[in-house]
Amino acid sequence: MKNNKVLTVCLALSLGAGYAFARPSLQDDETTPLQESMQGLMSRRRAMRKLVRDPAAHRSELLEILEEFRGHALTAFSLPPTAPGSLERTDAALWRVGFQRQILTLIDTGLECELAVLKGDTELLGEAYKTLSSTMKAGHDRYKKSD
Ligand code: HEM
């Protein structure tokens, strides 16, 4: 009886191990939650591109897009990527703080876009929209691993 139990456990373990090895590698093609947020930011930024030329004519559409943009940025804030393994504990924490502050800059710039839409200020909106791109570039230069 005891032997039967041992055999059952061994069988279950080996089947489990077999499943784990047979499973396709998750790392290769799985989209991480941070990547999903980033894709959301990208699609929202693209959706804004033409509309920013005339905020008065696209007010409600722009406000909706900006709300979604902010949602994605807030999610990204809570998903900092893992710091490079070479960093000591404090430096890794500093790296994470830097990432989150950069995301906060992005959120603030999104709010500036919203302000400009509410005021119907095309010039201010154009400037803030450009700042979204420079903030993205700065964030990617520092925190996104090159492929
Ligand atoms: C308008 C602003 C931004 C846009 C449109 C944007 C867009 C993107 C896109 C399309 C990706 C690739 C996602 C994928 O692999 O499927 C990405 C990745 C990434 N972005 Fe951004 N981004 C923005 C701002 C930022 C900022 C401000 C930071 C840093 C503070 C940042 C950090 C990263 C990181 C770390 C990755 C790599 C994620 C990973 O591979 O796990 N991004 N971003």
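**Entry 1. Overall fold**

I started with the contacts in the protein. Among those between residues at least 6 apart in sequence, 66% join residues at least 24 apart. I noted at once that this is a predicted model. Next I looked up the elements. The protein has 6 helices and 0 strands. Read from the N terminus on, the order is α-α-α-α-α-α. I then checked burial. The protein has 147 residues, and 18% of them count as buried.

**Entry 2. Helix 4 against helix 5**

I turned to one helix pair. Two packed helices are described by the angle between their axes and the distance between the axes. Helix 4 covers residues 59-77, and helix 5 covers residues 89-119. Their packing angle is about 170°, and the axes lie 10 Å apart. Angles over 145 degrees count as roughly antiparallel, so helix 4 and helix 5 are roughly antiparallel to each other.

I listed who meets whom. The helix 4 side includes R59, L62, L66, F69, R70, A73 and F77. The helix 5 side includes Q100, I103, I107, G110, C113, E114 and V117. I sorted this contact by class: 13 residues are nonpolar, 2 are polar and 3 are charged.

**Entry 3. The nonpolar core**

Which residues have the most contacts inside the largest nonpolar core? I found L66, A73, C113, V117, L125, A128 and Y129. This core has 20 residues. Helix 3, helix 4, helix 5 and helix 6 each supply at least two of its residues. In soluble globular proteins, nonpolar side chains tend to be buried together.

**Entry 4. C113**

C113 lies in helix 5. Is C113 buried or exposed? I counted 27 other C-beta atoms within 10 Å, so C113 is buried. I then left aside its neighbours within four places in sequence. C113 is in contact with L66, L125, A128 and Y129.

**Entry 5. V52**

I followed C113 across to V52. The two are 61 residues apart in sequence, yet their C-alpha atoms are 9.1 Å apart in space. V52 is found in the loop between helix 3 and helix 4. I checked its burial too. The cut-off for buried is 20 or more C-beta atoms within 10 Å. V52 has 20 such neighbours inside 10 Å, so V52 counts as buried. Which residues does V52 contact, leaving aside its neighbours within four places in sequence? I found L125, G126 and Y129. L125 and Y129 are also among the contacts of C113.

**Entry 6. R46**

R46 lies in helix 3. R46 has 10 other C-beta atoms within 10 Å, so R46 is exposed. I also looked up its separation from I65. R46 and I65 are 19 residues apart along the chain, and their C-alpha atoms are separated by 9.9 Å.

**Entry 7. Around the ligand**

I finished with the shell around the ligand. There are 20 residues around the ligand, and M38, Q102, M136, G139 and K144 come nearest. Helix 3 (33-49), helix 5 and helix 6 (122-143) are the elements that give two or more residues to this shell. Which element gives the most to the shell? I found helix 3, with 7 residues. By class, I noted 11 nonpolar, 7 polar and 2 charged residues in the shell.

Conventions:
Residues are numbered from 1 along each chain as its sequence is written. This is a predicted model: local features need pLDDT of at least 70, side-chain atom pairs count only at pLDDT 80 or more; totals for chains, interfaces and linings use all residues. Axes are lines fitted to C-alpha atoms, for helices over the stretch in contact, and angles run from 0 to 180 degrees between N-to-C directions. Helices (H or I, at least four residues) and strands (E, at least two) are DSSP runs, numbered from the N terminus. Angles under 35 degrees count as roughly parallel, over 145 as roughly antiparallel, 65 to 115 as roughly perpendicular and the rest as oblique. Two residues are in contact if their C-beta atoms, placed from the backbone, lie within 7 Å. Ala, Val, Leu, Ile, Met, Phe, Trp, Tyr, Cys and Pro count as nonpolar, Asp, Glu, Lys and Arg as charged, and the others, Gly among them, as polar. A residue is near a molecule or strand if its C-beta atom, placed from the backbone, lies within 6 Å of it. A residue is buried if 20 or more other C-beta atoms lie within 10 Å of its own, exposed if 12 or fewer, and partly exposed in between; C-beta atoms are placed from the backbone. A nonpolar core is a set of buried Ala, Val, Leu, Ile, Met, Phe, Trp, Tyr and Cys residues joined through C-beta atoms within 7 Å.
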